[in-house]
Amino acid sequence: MSTVDGMPELPEVESIRRGLHTWISGRTVTGVEVRHPRAVRRHLAGADDFAARLTGTTVTGTHRRGKYLWLQLDSGDTLLCHLGMSGQLLISSPQDLDGPHLRIRFTWDRGDHELRFVDQRTFGEMLISPNGDDGPEHITHIAPDVFDPRFDVKKFTLALRMRRSQLKRALLDQALISGVGNIYADEALWRAHIHGEHPTDTVSPPQVEELVEHLRAVFTEALAAGGTSFDALYVRTNGESGYFDRSLAVYGKQGQPCPRCTTPIKRVKFTNRSSFFCPRCQPPTG
DNA sequence: GTTGAGTCCTGAAAGC
DNA sequence: TGCTTTCAGGACTCAA
């Protein structure tokens, strides 16, 4: 059996954003050291340009959409970040050992702490993106998440019903609704008693409203718990692991009793990953 | 418009 | 025991 990794989803990213805001809002970047070029692979001008354009800028705000996090800079640009599978943003003492997966180090005008982008699997990345009317220009295709004031459940329902796809697949499409990953998709679908393979074009408006409410609830609970963690890959900005995994009902629980009806949770293959559901509470017909 | 396969990468687990 | 192979997982690209 392979390990189940806890990848940063919306609650984890929001938890990190809040931690970052406290530490670096109003601070000026004095140095950037890119330790691995892959960490800035989408910053096409390269690591040196990345460092040069950040050095001397001041952080004026911290923002998030879905799983993307960005720092607003006084230069008019944003420092955009996606944590990928295993990314961490650590507030570290300069005396702390670097560790093998340090990708980028930021130093600040107050030299008591530095920010470290640490990422074992290097699926995470950072880039400088111009700030447009709709946030960083590189993520204009990313839909609002369920906490965004611009999120419109009626529009979302309409978009879903116009698709000829399956519900879980649609939930993971960041261009349709952002911030939902494999874990919370399974949890919200279980709470809503809906099978992930339910056709999108026959899902009812009340079903979508209920699903969205469950997404908000599961995110809120995870955020209160500090994020989900299955192993050492995910830690908050101060290095503490989250612990929401104790509250998960179905994700990673194959063979264990459904918390509602005690039917063993099933695991099925889903586009190179896994889906977990209760075959009784979430019948395939929806 | 939608799906599926491939790509990136690491390390744990499985297989031999 | 120790080596090799397999695999997960998000976002993106490309082909069908």
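This is a predicted model: local features need pLDDT of at least 70, side-chain atom pairs count only at pLDDT 80 or more; totals for chains, interfaces and linings use all residues.
**Overview**

I began with the whole of chain A. I counted six helices and 11 strands in chain A. Of its 286 residues, 43% count as buried. I then looked at contacts between residues at least 6 apart in sequence, and 66% of these join residues at least 24 apart.

**The five-stranded sheet**

I traced an open sheet of five strands, in the order β2-β3-β4-β8-β9, with antiparallel pairing. Its edge strands are β2 (59-65) and β9 (135-136), each of which pairs on one side only.

I followed β2 to its partner. Strand β3 (residues 68-73) pairs with β2 in the antiparallel sense, over six bridges. For V59, I found the bridge partner in β3 to be L73.

Helix α1 (residues 10-24) lies across β2 and β3, and α1 runs at about 175° to β2.

Next I looked up the pairings of β6. Strand β1 (residues 29-34) pairs with β6 (102-108) in the antiparallel sense over five bridges. Within this pairing, E33 has R105 of β6 as its bridge partner.

β6 is also joined to strand β7 (residues 114-119) by five bridges, and the two run antiparallel. F106 is bridged to L115 in β7. I noted β6 and β7 as a hairpin, with five residues between them.

**α5 against α6**

I turned to the helix pairs. The axes of helix α5 (residues 182-191) and helix α6 (residues 205-225) come within 9 Å, crossing at roughly 125°. I therefore recorded α5 as oblique to α6. The crossing of α5 and α6 is right-handed.

Which residues of α5 and α6 meet? From α5 I listed Y184, E187, A188 and R191, and from α6 L211, H214, L215, V218 and F219. I sorted the residues of this contact into six nonpolar, one polar and two charged.

**α3 against α6**

α6 has another helix contact that I looked up. The axes of α3 (153-162) and α6 come within 10 Å and cross at roughly 120°. The angle makes α3 and α6 oblique to each other. I noted that α3 passes α6 in a right-handed crossing.

On the α3 side the contact is made by V153, F156, T157 and L160, and on the α6 side by P205, V208, E209 and V212. By class, I have six nonpolar residues, one polar and one charged in the contact of α3 with α6.

**F151**

I then looked at F151, in the loop between β9 and α3. Is F151 buried, exposed or partly exposed? I put F151 down as partly exposed, because 17 other C-beta atoms lie within 10 Å, and a residue needs 20 or more to be buried. Leaving aside neighbours within four places in sequence, I found F151 in contact with P144, D145 and V146.

Q256 is 105 residues from F151 in sequence, and their C-alpha atoms are 35 Å apart in space.

**S93**

S93 sits in the loop between β5 (87-92) and β6. I counted 8 C-beta neighbours inside 10 Å for S93, so S93 is exposed; the cut-off for that class is 12 or fewer. S93 and I16 are 77 residues apart along the chain, and I have 17 Å between their C-alpha atoms.

**Residues with positive phi**

Last, I looked up two threonines with positive phi. For T122, phi is near 55°, a positive value in a residue other than glycine. T122 is in the loop between β7 and β8 (125-132).

I placed T262 in the loop between α6 and β10 (266-270). With 10 C-beta neighbours inside 10 Å, T262 counts as exposed.

Terms used
Residues are numbered from 1 along each chain as its sequence is written. Chains are lettered from A and ligands numbered from 1 in the order in which they are written. Axes are lines fitted to C-alpha atoms, for helices over the stretch in contact, and angles run from 0 to 180 degrees between N-to-C directions. Helices (H or I, at least four residues) and strands (E, at least two) are DSSP runs, numbered from the N terminus. Angles under 35 degrees count as roughly parallel, over 145 as roughly antiparallel, 65 to 115 as roughly perpendicular and the rest as oblique. A crossing is left-handed if the near helix is turned anticlockwise from the far one by less than a right angle, and right-handed if clockwise. Two residues are in contact if their C-beta atoms, placed from the backbone, lie within 7 Å. Ala, Val, Leu, Ile, Met, Phe, Trp, Tyr, Cys and Pro count as nonpolar, Asp, Glu, Lys and Arg as charged, and the others, Gly among them, as polar. Two strands pair if DSSP finds at least two bridges between them.
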